[in-house]
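Please open the structure in your viewer and keep the sequence panel beside it. The tour goes from one selection to the next and says what is found at each stop.

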Amino acid sequence: MNISLPLLQTKLKEWKGCALSEKSNPVFGEGNPNATVMFIGEAPGEQEDKLGRPFVGAAGKFLDELLGTIGLQRESVYISNVVKFRPPENRDPTDEEKAQCMPWLKLEIALIKPHVIVPLGRHALGHFLAKTTISEAHGKPFKINDSVTIFPIYHPAAALHNGNLRQALYDDFAALGKFLQSV
Ligand code: URA
């Protein structure tokens with residue numbers, strides 16, 4: 001493929017193919033370009049929009065902590081989002097916004113070639129496994145082809161609103177850590 005991650009990021013900065021791009025800043029993925037594991041969230045929030053980086057607000061701090069529980073640092077994995085611009089007031093992204101931004105995510109995945117993709121929450125999950133729900137699928141591996149396994153986990157922000165999910169996230173990360181050791 002004749003395109004690199006930095007070039008893709010530059011192109012995203014010029015792109016106006018999603019209405020959200022008029023009122024917010026592009027937030028491209030970041031991390032290790034050779035990562036085995038790729039985490040995919042929903043869309044940037046306020047801090048991400050300000051800094052132009054994924055998962056740097058409260059949910060990002062919790063994600064960093066969760067990564068640490070299985071001996072990973074954010075620099076060793078790749079972290080991105082389905083939607084590349086902040087929806088106003090952090091509302092859910094629409095199906096149209098997700099579809100408009102999807103080519104960027106597909107290109108990031110094609111360049112990184114992760115063996116394990118971790119959709120964080122239902123918006124990312126829906127792209128990979130449309131027929132299940134996050135409450136059914138979280139914490140379990142789904143092999144979708146010879147080289148890629150999908151390992152869905154609740155979105156870290158969900159646990160910030162609903163304390164009951166906090167333990168589920170710790171448990172799912174522990175299961176992810178074990179799974180990564182086995183592959
Ligand atoms: N939530 C997301 O889904 N992505 C971010 O980058 C930050 C919060």
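The stops below cover a ligand site, a loop, some salt bridges and a strand residue.

**Before starting**

This is a predicted model, in which local features need pLDDT of at least 70 and side-chain atom pairs count only at pLDDT 80 or more, while totals for chains, interfaces and linings use all residues. Residues are numbered from 1 along each chain as its sequence is written, and side-chain values use heavy atoms, with hydrogens and water left out.

**Stop 1: the ligand**

Which residues surround the ligand? They are Gly 41, Glu 42, Ala 43, Glu 48, Pro 54, Phe 55, Asn 81 and His 155; a residue is counted here if one of its heavy atoms lies within 4 Å of the ligand.

- Glu 42: a polar backbone atom is 2.7 Å from an oxygen atom of the ligand.
- Phe 55: a backbone N or O atom is 2.9 Å from a ligand oxygen atom.
- His 155: an N or O atom of the side chain is 2.7 Å from an oxygen atom of the ligand.

Taken alone, the ligand exposes 240 Å², and the protein buries 91% of that. Accessible areas come from the Shrake-Rupley method with a 1.4 Å probe, and for residues only the protein chains shown count as cover.

**Stop 2: Glu 42**

Stay at Glu 42, which sits in the loop between strand E2 (37-41) and helix H2 (46-51). Helices (H or I, at least four residues) and strands (E, at least two) are DSSP runs numbered from the N terminus. Leaving aside neighbours within four places in sequence, Glu 42 is in contact with Asn 81, Val 82, Val 83, Arg 91, Asp 92, Pro 93, His 123 and His 155; contact means heavy atoms within 4.5 Å.

A salt bridge is a side-chain nitrogen of Lys or Arg within 4 Å of a carboxyl oxygen of Asp or Glu. Buried means under 20% relative accessible area, exposed over 50%, and partly exposed in between (1.4 Å probe, protein chains only).

**Stop 3: Arg 122 and Asp 92**

Now select Arg 122 with Asp 92. The two form a salt bridge, with the closest N and O atoms 2.5 Å apart. Asp 92 lies in the loop between E3 and H4 and Arg 122 in helix H5 (residues 122-128), so this pair ties together parts that are 30 residues apart in sequence. Asp 92 is partly exposed, at 38% relative accessible area.

**Stop 4**

Go to Glu 89, in the loop between strand E3 (78-81) and helix H4 (95-112). Is Glu 89 buried or exposed? Glu 89 is exposed, with a relative accessible area of 73%. Its C-alpha atom is separated by 8.3 Å from that of Gly 45, 44 residues apart along the chain.

Glu 89 has a positive phi of about 55 degrees although it is not a glycine. Asn 90 also has a positive phi, of about 60 degrees, and is not a glycine. Most residues other than glycine have a negative phi. Asn 90 is partly exposed, at 43%.

**Stop 5**

Select Arg 53 and Glu 30, whose side chains meet in one of 2.8 Å, N to O. Arg 53 lies in the loop between H2 and helix H3 (58-69) and Glu 30 in strand E1 (residues 30-31), so the pair ties together parts 23 residues apart in sequence.

Next pick Lys 98 and Asp 95, joined by a salt bridge of 3.7 Å, N to O. The two are three residues apart in helix H4 and are separated by about one helical turn. Lys 98 counts as buried at 16% relative accessibility, whereas Asp 95 counts as exposed at 62%.

**Stop 4: Ser 80**

End at Ser 80, found in strand E3. Ser 80 counts as buried, at 0% relative accessibility. Its side chain makes a polar contact with the side chain of Glu 108 (2.8 Å). Not counting residues up to four places away in sequence, the residues that Ser 80 touches include Gly 41 and Phe 55, both of which are also among those around the ligand.

Key:
Polar contact = N/O pair within 3.5 Å; in protein donor to acceptor, adjacent residues only side chain to side chain.
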